[in-house]
Amino acid sequence: MKNNKMKLLAVMMMICMLAVGLTGCGGSDSNTIKIGLLNEMTGGNATLGTSAANGAKLAFKEINANGGVLGKQIEAVVADNKSEPAEAANAITKLINQDKVVAVTGTFSSSNAIAAASVAEAAKVPYLAAGATNPKVTVDEKSGKVFDYVFRVCFIDPFQGTVAANFATDNLKLTKAVILVDNSSDYSKGLADFFKKAFTAKNGQILGEEAYLQKDQDFKTILTKIKALNPEIIYVPGYYEEVGKIVKQAREIDLKCVIMGGDGWDSPKLGEIAGADALNNTFFTNHYSVDSDDEKSKAFVEAYTKEYGQKPDALAVLGYDAARVLIDAITRANSTEPAKIQAALTETKDFAAISGDTTLNATHDAVKNAVVIEMKNGKQEFKASVKP
C-alpha cells in the first residue's frame with residue numbers, strides 16, 4: 001500500500017511538472033495574449049521606431065477597450081533593437097524564447113528587419129514588419145524563397161524607387177541626376193538601385209554616384225564634388241539623421257538643385273537638423289500623408305494626437321496598421337497558435353488600413369499606393385498619390 005501511494009505521488013508530481021511547462025501547475029490559462037513590438041527605440045532611427053511603437057500601442061489600447069481578442073487582452077512586449085541589425089536579432093530572439101510572444105510586429109529599418117526575419121523564420125513565429133521596404137525582408141536572398149513566417153504592411157522599394165524616378169522625370173521634368181547612397185544600409189542601396197533603373201529607363205542620365213556611411217557628420221567634400229557635376233536633382237535615399245545634415249550642408253555651399261529621397265526622411269527631426277529654408281525644393285516618397293481627407297485617417301490623427309500630444313508620421317500609421325492587421329489575422333484564425341496566425345496572414349485581403357486598403361501578395365508584401373511629399377517652409381505638403 002505504501003508503495004502504491006508513493007507511485008501515485010510520483011505520477012502526480014510528474015503531471016504537475018509537465019503542466020508547469022504549459023500553463024503552470026494550477027492549469028489556469030493566461031488572460032492575455034503577448035505580442036512583441038520590435039522597434040528602433042534608441043539609436044539613429046529612434047524617432048521612427050518610437051512612432052511605430054506608439055502607433056501599435058494605440059491600436060492595442062483601442063482593441064483592449066473594445067473587449068480584446070478571443071476573449072483576452074493584448075499585452076505588448078516592447079524590445080529595443082537599438083537601430084542595429086545584431087541587436088534586432090538578439091531582441092527578437094528574446095521576445096520569442098523568453099517572453100513567449102505569439103507574434104512580432106514593428107521595425108522600420110530594412111537591415112534590422114532582415115536580421116530579425118531569419119530568426120522568426122527559424123522559430124516559426126509570425127513577424128509582420130511595419131515599414132521595412134527592402135525586398136530581402138520577406139524573400140531569402142540566397143534561395144529566392146519567400147519566408148513562410150515573415151510579412152510586411154508597407155510597399156517595397158522597387159515600387160518606391162520607380163515612383164520617385166517617374167515623379168522626377170514626368171512631374172518635375174528633370175533628366176540629370178546624382179545618387180548619394182548610404183553604403184551601410186540595405187534600404188538605401190536597394191532604393192538607389194531601383195531609382196537608377198527607373199530613371200534611366202525614362203531617358204534620365206545618372207551623372208555620378210557617391211556614398212557615405214551612417215553617423216558621418218561632414219558631407220561637404222562629397223557635395224562639392226557633386227556640385228561640379230551640375231545635376232538637376234540629387235537622389236538621397238537615406239535616413240533623416242544623415243539626410244538632414246546633407247541637405248543643410250548642400251545649401252551652405254549654394255547647391256540649389258532639387259533633392260529627393262524616400263520614406264526614411266519622414267521625421268520631425270529632419271526639419272530640426274536641416275532647417276526649414278534648406279528643405280525647400282526637396283521631395284520624398286512616403287506611405288501616407290497626414291493631410292489625407294479620408295474619414296478613418298482623420299479619426300486616427302485625432303486619436304493619436306490626443307494620446308501622444310503630436311500628429312502622427314507615416315511610421316506611426318504603419319505601426320498602427322501592422323498591429324491591426326495582426327489582430328485581424330488572430331481573430332480570423334480563432335487561435336494564438338503561430339502556424340494558424342501565419343496561415344491567416346497569407347489570406348489578408350483588402351484590409352481597411354489607415355495607410356490604404358491592404359492586401360498581402362504572394363511575396364507577403366503589401367499592395368498599396370505611395371504618396372509624394374514636398375517640403376515647403378519646414379512643413380510637409382501632399383503632392384501626389386501613385387497606385388502600384
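Predicted model: local features only at pLDDT ≥ 70, side-chain atom pairs only at ≥ 80, totals over all residues.
Me: Which residues in H2 meet H11?
Reply: Leu 48, Ser 51, Ala 52, Gly 55, Ala 56, Leu 58, Ala 59, Phe 60, Glu 62 and Ile 63 of H2 meet Leu 315, Ala 316, Gly 319, Tyr 320, Ala 323, Arg 324 and Ile 327 of H11. Contact means heavy atoms within 4.5 Å; helices (H or I, at least four residues) and strands (E, at least two) are DSSP runs numbered from the N terminus.

Me: How do the axes of H2 and H11 cross?
Reply: The axes of H2 (residues 46-65) and H11 (residues 314-333) come within 6 Å and cross at roughly 40°. Axes are lines fitted to C-alpha atoms over the stretch in contact, with angles from 0 to 180 degrees between N-to-C directions.

Me: And H3 with H4, at what angle?
Reply: About 35°, with the axes of H3 (residues 85-97) and H4 8 Å apart. On the H3 side the meeting residues include Pro 85, Ala 88 and Ile 92, and on the H4 side they include Ser 111, Ala 115 and Val 119.

Me: Where is Thr 107?
Reply: Thr 107 sits in the loop between strand S3 (103-106) and helix H4 (110-123). Thr 107 counts as buried because its relative accessibility is 0% (buried is under 20%, exposed over 50%, partly exposed in between, with a 1.4 Å probe and protein chains only). Beyond four places in sequence, its contacts include Asn 39, Glu 40, Asn 81, Asn 112 and Tyr 127.

Me: New topic. How many aromatic pairs?
Reply: The count is twelve, where rings of Phe, Tyr and Trp (its six-membered ring) pair with centres within 6.5 Å, stacked under 30 degrees, edge-to-face over 60, the rest tilted. Tyr 212 and Phe 219 have ring centres 5.5 Å apart and planes at 85°, so they are edge-to-face. Tyr 212 is buried at 2%, and Phe 219 is buried at 1%.

Me: Which residues form an aromatic cluster?
Reply: Phe 300, Tyr 304, Tyr 308 and Tyr 320 form one. Tyr 320 is also among the H11 residues that meet H2.

Notes
Residues numbered from 1 in each chain as written. Heavy atoms only, no water.
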